[in-house]
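Biologist: Hi! Could you walk me through this model, one piece at a time?

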Amino acid sequence: MASKKVFFIVLLLISFSVKASFILLPMDETTQQNHLKAYGITYWCIDKKYKASWLLNYRGGSFLLIDAPEIRKECQIRGVSFEVLSDAETNQILEEIASPSQNMEAVVLEKAPKIAVYTPKGKQPWDDAVTLVLTYAEIPFTPIYDEEVLSDQLLLYDWLHLHHEDFTGQYGKFFGSNRNSPWYIDQKKEAEILATKLGYKKVSEEKLAVAKKIRDFVIGGGFMFAMCSATDSFDIALAADGVDICESMFDGDASEANYQSKINYVNSFAFKDFILDRKPEHYEFSDIDMTEKRRIPMEKDYFTLMEFSAKWDPIPSMLCQNHTQLIKGFMGQTTSFDAELIKSNVLVMGTCELNGEARYIHGERGKGMFTFYSGHDPEDYQHRVGDPVTVLDLHPNSPGYRLILNNVLFPAARKKKQKT
């Protein structure tokens, strides 16, 4: 067994370069001055066909890159801490990682994923943490929306993020508090115009068609990541396929009688047995979200990342790489998920046991995978419409934002069958 490990290490070294030394981007708490931009450097290297490895659970999930002058220069320009290693030092690190006694693994990153962000054309800067952090980390992405999704352009991408969308056609359930606000009136009108243009009588029908295209993208092998209301509203839309759950102020006619009994939980990705919220003026889709059931003061609002076997379960291990296991909580329209309503085949990766809630979950659908991350902005505890945008220069080491970037980067990993 030991000889196989040594052979693997030698092979990995050769795959980088016979003579070159290496660059380590340390991702521990004390050494790395900009964790978020370190992901951007790693993506940039993969995109330029440089060899790269993700050292799971080694100093916070560090990145090992081949040494090259332009990589050093790029690190210096972007303010990313790095260490130059000799072949001997690299060999020693890889031997430590390969040891059966260590919960570590070296995962080869070989292809930069093509990234799409599902986001409306008139999106405001406060709308989406993923767009913010991709831009800050200098990771390229393409904004797409309903027209692109319905014309099968998802086939061009490996990874898709869902903007904080409402896939149920209820305009985010903002009716009660914002029905007279100019922005709400404009967004509703724009959505109706787009639905008509695309050949649908109702926005709810058009959003369902989009959700089903995204579902097919995942089933076909795509990676989908969603935050906040895009998580539960996506599942609700799929489960309510063929059932009118919208009241007249949303779609012009009454909802279907006894619609709750017609919900098909088999169609949803992550959630089961949820009860839909029937009140159109209530800022809530269902009992999946724990926002109004929480009794946690802000100063105690944290969730804990689960620990997985890096050698046996590399995918959840990649998704949970961080310099701390304790992540500061943050709110949103969907702040957290009721743990009782999560399907048994879905992996819970981040929990707040104090309130019986899940914050970060992952699952498979067909050949693809999805991750749901609750809350709106990891560095803005209770973000409200119209609040100023988060400045990530003030949070370059954000553990909450690192979870987003883990999801961006893990599709680059060389595929290895999950053991459990």
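**A chat about strands, helices and rings**

Modeller: Happy to! Let's begin with a facing pair: alanine 52 stands opposite leucine 109 in β5. This is a predicted model, where local features need pLDDT of at least 70, side-chain atom pairs count only at pLDDT 80 or more, and totals for chains, interfaces and linings use all residues. Residues are numbered from 1 along each chain as its sequence is written, and side-chain values use heavy atoms, with hydrogens and water left out.

Biologist: Thanks! Which residue stands opposite glutamate 105 in β5?

Modeller: That's leucine 56. Strand β2, residues 52-56, pairs with β5 in the antiparallel sense over 5 bridges. Strands (E, at least two residues) and helices (H or I, at least four) are DSSP runs, numbered from the N terminus, and two strands pair if DSSP finds at least two bridges between them.

Biologist: What is the strand order in the open sheet?

Modeller: The order of its 5 strands is β4-β1-β3-β2-β5, with antiparallel pairing. β4 (83-85) and β5 (105-109) are at the edges with a single partner strand each, so one side of each has no neighbour in the sheet. On average, neighbouring strands are turned by 30° against each other, direction ignored.

Biologist: And how many bridges join β2 to β3?

Modeller: There are 4 bridges, and the two strands run antiparallel. Tryptophan 54 has phenylalanine 63 as its bridge partner in β3. β2 and β3 form a hairpin with 5 residues between them, and asparagine 57 in the turn has a positive phi of about 65°.

Biologist: Are the residues of β2 buried or exposed?

Modeller: 5 of the 5 are buried, so β2 is largely enclosed by the rest of the structure. Buried means under 20% relative accessible area, exposed over 50%, and partly exposed in between, using a 1.4 Å probe and protein chains only. Ala52, Trp54 and Leu56 point one way, while Ser53 and Leu55 point the other.

Biologist: New topic! What does serine 317 touch?

Modeller: Leaving out residues up to four places away in sequence, serine 317 touches Leu56, Phe308, Ser309 and Ala310; contact means heavy atoms within 4.5 Å. Serine 317 sits in helix α12, residues 314-319, and is buried with a relative accessible area of 4%.

Biologist: How about aromatic pairs, how many are there?

Modeller: The structure holds 23 of them. Rings of Phe, Tyr and Trp (its six-membered ring) pair if their centres lie within 6.5 Å; planes under 30 degrees apart count as stacked, over 60 as edge-to-face and the rest as tilted. Phenylalanine 223 and phenylalanine 410 make an edge-to-face pair, 5.1 Å centre to centre with 85° between the planes. This pair links distant parts of the chain, 187 residues apart: phenylalanine 223 is in strand β9 (residues 223-227), and phenylalanine 410 is in the segment after α13 (399-409).

Biologist: Buried or exposed, those two phenylalanines?

Modeller: Both phenylalanine 223 and phenylalanine 410 are buried.

Biologist: Last one: at what angle do α9 and α10 pack?

Modeller: Helix α9 (residues 203-219) and helix α10 (residues 229-239) pack at about 100°, with axes 9 Å apart. That makes α9 roughly perpendicular to α10; angles of 65 to 115 degrees count as that, under 35 as roughly parallel, over 145 as roughly antiparallel and the rest as oblique. Axes are lines fitted to C-alpha atoms, for helices over the stretch in contact, and angles run from 0 to 180 degrees between N-to-C directions.
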